[in-house]
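Please open the model in a viewer and keep the sequence panel at hand.

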Amino acid sequence: MSAAAVEKRHAWDHRSLLETAEEISEKFPGHRVEILGGQITVTPPADGPHGESLTDVMIPLIAAGLHGEESRVIQAMGVWLCSDQDFTIPDLSVVDADYEDHLIEYNSYDPAVFRMVLEVTSSNYRTDLRTKVALYAEAGIPVYVIIDRKHQRVHVLTNPHNGEYEHAVHAPGATFALPSSIGAEVKFSVDTLLRLKPAN
């Protein structure tokens, strides 16, 4: 899966860029259309292992009670970013339960309702590992998790400050816990999230 930059946004062209993004979404059902750094990016539908990794994350989050009265676990929910009025659509989010009261534009919500965002890398892994790190940190998203299938690592980024995160990297064989600030302390195995087969 690869993301292609489609069009550069000019300061005076905010509305037309969003209209272009919407038109692309209508023409390419199932593709993810985002505006990052003033450029429209279009990502084809995810593969099966990508979807399984999301399921492997969702099950423990839901079991920990994060899909309840206080918070919700949602796939492909738009975040309206503070930087250059961009928006992105993370693979998975944990958000405050009242998120519907905080719709901004283009089916994207105020970053203040996001407790955590998560991306599973595909061929456009550089976007998840670089571009989105800065954008999510600037927006103040408290926790950003990257299941990095390219490099066989799980990155947990926390405590955004001045556009940067504290960064922990977890290798195969490790287990880690997400911070309790998302609403519950949830533990994961790196091998499970990366869908690694046990050694013989």
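Which residues do ring pairs link into a cluster? Select Trp80, Phe87 and Tyr106: ring pairs join these residues into a cluster. Please bear in mind throughout that the model is a predicted one.

**Further aromatic pairs**

The structure holds six aromatic pairs. Select Tyr99 and Tyr109 next; their rings are arranged edge-to-face, with 5.4 Å centre to centre and 75° between the planes. Tyr99 belongs to the loop between β7 and β8 (103–105), whereas Tyr109 belongs to strand β9 (residues 108–109), so the pair ties together parts that are ten residues apart in sequence. Tyr99 counts as buried, because its relative accessibility is 16%, and Tyr109 counts as buried at 15%.

Now move to Tyr136 and Tyr144, which form an edge-to-face pair with 4.7 Å centre to centre and 75° between the planes. Both Tyr136 and Tyr144 are buried.

**The largest nonpolar core**

In soluble globular proteins, nonpolar side chains tend to be buried together. For the largest nonpolar core of this model, which has 25 residues, select Leu61, Met116, Leu118 and Leu178, the members that touch the most other members. Then colour the elements that give two or more residues to this core: α2 (48–63), β7 (92–96), β10 (114–120), β11 (143–148), β12 (153–161) and α4 (190–193). Which element gives the most to this core? That element is α2, with four residues.

Apart from this core lies another, of 21 residues; Phe114, Tyr136, Tyr144 and Leu157 are among them. The edge-to-face pair of Tyr136 and Tyr144 can therefore be viewed again here, as both residues are members of this other core and buried at under 20% relative accessible area.

Return to Leu178 and display its surroundings. Leaving aside neighbours within four places in sequence, Leu178 is in contact with Leu61, Met116, Val145, Val156, Ala184, Glu185, Val186 and Phe188.

**Two positive phi values**

Most residues other than glycine have a negative phi. Select Ala76, in the loop between β4 (71–75) and β5 (78–80). Phi of Ala76 is near 50°, a positive value in a residue other than glycine. Is Ala76 buried or partly exposed? With a relative accessibility of 42%, Ala76 counts as partly exposed.

Arg195 is not a glycine, yet its phi is positive, at about 60°. Its relative accessible area is 34%, so Arg195 is partly exposed.

How values were computed: Residues are numbered from 1 along each chain as its sequence is written. This is a predicted model: local features need pLDDT of at least 70, side-chain atom pairs count only at pLDDT 80 or more; totals for chains, interfaces and linings use all residues. Side-chain values use heavy atoms; hydrogens and water are left out. A nonpolar core is a set of buried Ala, Val, Leu, Ile, Met, Phe, Trp, Tyr and Cys residues joined through side-chain atoms within 4.5 Å. Buried means under 20% relative accessible area, exposed over 50%, partly exposed in between (1.4 Å probe, protein chains only). Contact means heavy atoms within 4.5 Å. Rings of Phe, Tyr and Trp (its six-membered ring) pair if their centres lie within 6.5 Å; planes under 30 degrees apart count as stacked, over 60 as edge-to-face and the rest as tilted.
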